[in-house]
Amino acid sequence: MKKREAHNSWSLVLGEVAGIQLEVHVTFALVAVWALFALARRGASKEVLVLVATMILGVAVSLLLHELGHALVARMFGLKTREISLTPMGGFSNIDEMPETPRVQLLVVLAGPAVSLLLGGLLFAISAARGELRGPLPFNDTNANPVTQLAWFNVVLGGYNLLPIFPMDGGRALRAGFSFFMDYVRATRIASRIAQALSIALALAGLEYGPVVLFTAVWIWMSARSEVKTVRTRHALKSLLARDVMVTGPTLDADSTLEDASLVFRKTFQSEFPVMRGTDVVGVMGFKELVSGLEKHGAQGLVSAAMRTTFNGVDFRTPLEQVHQQMKDASDPMVMVTRGERYAGVLPQQNVDELLRIAKALEK
Ligand SMILES: [Zn+2]
């Protein structure tokens with residue numbers, strides 16, 4: 001058997017299921033050992049220790065199955081999961097960033113709670129068939145039956161994850177549901193408003209039930225806010241492609257005169273134009289080239305004599321963020337946007353800068 005490296009240096013590799021590495025964080029194992037040790041020190045019987053150990057194992061398996069639910073459905077849509085890890089805070093799946101397709105998101109997000117609820121139902125059915133069905137008991141109660149206890153655990157796990165708050169599955173499912181009818185940013189905003197309304201209700205309950213409830217309310221509020229901020233920023237920058245922002249305005253003909261070219265400059269706000277010969281882009285002419293061309297060759301000089309012939313091009317599907325970086329690195333006032341071999345439009349730096357500034361302002 002080949003030795004596998006954990007993705008997290010504080011994790012131990014448990015194994016692999018369907019190409020997904022299962023890991024347990026050291027702290028999870030420590031908490032489990034500590035719980036057993038503490039019980040033993042207080043003189044717990046061997047029976048109790050075995051019961052608690054069984055429960056911890058069952059909880060670990062339940063958490064892994066919940067995460068596997070997410071990961072396996074994600075895989076149906078071609079999304080890879082690097083690892084699933086168990087921590088004292090619960091299970092986590094490191095899944096590829098999901099596309100913002102509502103159907104994909106909804107299915108991946110609901111798969112985890114669905115597994116938990118189904119598993120809970122199955123365990124309830126087993127304990128009912130054995131006549132052992134009863135309410136949840138403290139985890140170290142010797143009257144507790146592990147099957148029934150784990151049935152409760154899974155139902156609570158599924159239900160808790162369905163709460164409509166971020167970053168729980170329920171919040172993300174709600175957002176996916178809304179995004180069937182509206183754009184993703186708006187769907188995120190509405191879902192987060194619902195989470196915040198819930199946190200206000202919880203904060204009011206906190207007056208009665210104490211600071212933990214109050215802190216939870218604050219945490220829900222903050223998580224909702226940060227989710228909106230993240231999505232909005234990502235959208236402003238990343239969802240835009242070169243083709244969304246490019247200018248498809250007029251072009252200059254390489255064989256026309258500078259006088260004709262200056263008319264085109266005067267008619268639009270654009271400051272850089274591609275120079276064409278037939279369907280090929282042969283150069284670029286900006287305001288600077290026009291002026292120096294007029295000085296050098298006069299009004300009857302040709303565009304081809306005054307244009308600059310070095311320019312950069314990007315594919316029309318290039319993310320705007322990347323184009324922006326490229327322009328900055330090359331201190332290029334404009335890039336040509338191409339679709340396959342053909343000219344599609346131009347992207348003046350000025351336009352890109354303005355957009356990014358708007359995006360940054362929205363972020364605040
Ligand atoms: Zn989940």
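Tutor: Happy to! Let's settle the labels before we begin: helices here are DSSP runs of type H or I with at least four residues, and they are numbered from the N terminus. Keep in mind, too, that this is a predicted model.

Arg243 belongs to helix H8, which covers residues 242-245. Is Arg243 buried, exposed or partly exposed? Being buried takes 20 or more other C-beta atoms within 10 Å, while 12 or fewer make a residue exposed. Arg243 has 18 C-beta neighbours inside 10 Å, so it counts as partly exposed.

Which residues does Arg243 touch once we set aside its neighbours within four places in sequence? The contacts of Arg243 are then Phe316, Arg317, Val337 and Ala344. Thr318 gives us a distance to look at as well: its C-alpha atom is 7.9 Å from that of Arg243, although 75 residues separate the two along the chain.

Strand E3 runs through residues 81-87 and is mostly covered, with five of its seven residues buried. Strand E2, residues 20-25, pairs with E3 in the parallel sense over four bridges, and here Gln21 stands opposite Glu83. Strand E4, residues 90-95, pairs with E3 in the antiparallel sense over five bridges. One example is Leu86, whose bridge partner in E4 is Gly91. Together, E3 and E4 form a hairpin, with two residues between them.

Key: Residues numbered from 1 in each chain as written. Predicted model: local features only at pLDDT ≥ 70, side-chain atom pairs only at ≥ 80, totals over all residues. Contact = placed C-beta atoms within 7 Å. Pairing = 2+ DSSP bridges.
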